[in-house]
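This briefing is meant for a reader who is new to the structure shown below. It begins with the whole protein and then turns to selected parts.

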Amino acid sequence: MPSRTTATTRRRSARRSPAARRRRPQRHARRRGRRTGVALAIAVPVILFAAFLGGAAFLAGSFRMSWADEIALAPDDRAPAPPPMIEPAVAGYRFEQLTNACTILAAGRDLGFDARDQTIAVMTAMGESSLRNIDYGDWETSGVTNPDGSRTTSIGLFQQQDSWGTREARLDPYTAATVFYRAMAERVPDRAVVEPTLVAHRTQINADPNHYARYWDRAVRVVGAVTGNPLEGDRIDGIPHCPGA
């Protein structure tokens, strides 16, 4: 009867047969394969997620830079707008109107009329046309007629009708002013002691003798400003200048 030691040795040898020894490395290989697969299954999503985060961060950074650049280049809507350019004016009359006032003064000076007469002429043009050389009159704006019912033909700075001269003459500021001064000298020889509005009324022969009264103070201010002697509160920068009488 074989000894117990010998039998045990044979059983162990049987367990360690070549087939068994070949199967054991295969089992180890399968275990390593499974571990590798598990590791890859974990690593791949982690790598993809990290790549996603990196790409998102890059895009966000690019967007912030682009947005910052646009904000830097775009005007700030909250910044206050620059103040609008305000055309210089005196008594509400602007450059073109003040230029016409200078023309009226020049015509009076050339004819030898004094400062008061010149101011009356400016006042009259204010009341007739607001110192604008317009080619229409009361008929076109209000349907005003003459006492005989005929339509008025007033045009120009002084709103002179056909009887005052040709259309071209009445639309020339210097000529129109000259015609006014000559009519004033003829119709109001005592004008030095007559109220300015009545001087204008008797020269123009209009319906309301007090029509021009409201313009007298404005005329004084305008004449003072354009001749370099502005009243308090009036500015002379940016307006036309002309010599007085």
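Of the 245 residues in the protein, 29% are buried. The model is a predicted one.

**Overall fold**

- The secondary structure consists of nine helices and zero strands.
- Along the sequence, the protein therefore reads as the pattern α-α-α-α-α-α-α-α-α.
- When contacts between residues at least 6 apart in sequence are considered, 54% of them join residues at least 24 apart.

**The largest nonpolar core**

- In soluble globular proteins, nonpolar side chains tend to be buried together.
- The largest nonpolar core of this protein contains 36 residues, and Ile-104 and Val-122 are the members that touch the most other members.
- Two or more residues of this core come from each of the elements α3 (95–111), α4 (115–129), α7 (173–187), α8 (196–204) and α9 (216–226).
- Apart from its neighbours within four places in sequence, Val-122 is in contact with Ala-101, Ile-104, Leu-105, Leu-131, Ala-219 and Val-223.

**The packing of α4 against α7**

- The helices α4 and α7 pack at an angle of about 115 degrees, and their axes are 11 Å apart.
- The crossing in which α4 passes α7 is right-handed.
- On the side of α4, the contact is made by Asp-117, Gln-118, Ile-120, Ala-121 and Thr-124.
- On the side of α7, the residues that make the contact are Phe-180, Tyr-181 and Met-184.
- Sorted by class, the contact of α4 with α7 holds five nonpolar, two polar and one charged residues.

- Leu-171 is found in the loop between α6 (167–170) and α7.
- Leu-171 has a relative accessible area of 24%; because buried means under 20% and exposed means over 50%, Leu-171 counts as partly exposed.
- Not counting residues up to four places away in sequence, Leu-171 touches Asn-133, Ile-134, Asp-135, Ile-155 and Gly-156.
- Leu-171 and Phe-158 are separated by 13 residues in sequence, and the distance between them in space is 9.3 Å from C-alpha to C-alpha.

Terms used:
Residues numbered from 1 in each chain as written. Predicted model: local features only at pLDDT ≥ 70, side-chain atom pairs only at ≥ 80, totals over all residues. Heavy atoms only, no water. Core = buried A, V, L, I, M, F, W, Y, C linked by side-chain atoms within 4.5 Å. Buried < 20%, exposed > 50% of the residue type's maximum accessible area, 1.4 Å probe, protein only. Helix = DSSP H or I, 4+ residues; strand = E, 2+ residues; numbered from the N terminus. Contact = heavy atoms within 4.5 Å. Axes fitted to C-alpha atoms, helices over the stretch in contact; angles between N-to-C directions. Left-handed = near helix turned anticlockwise from the far one by under 90°. Nonpolar A, V, L, I, M, F, W, Y, C, P; charged D, E, K, R; others polar.
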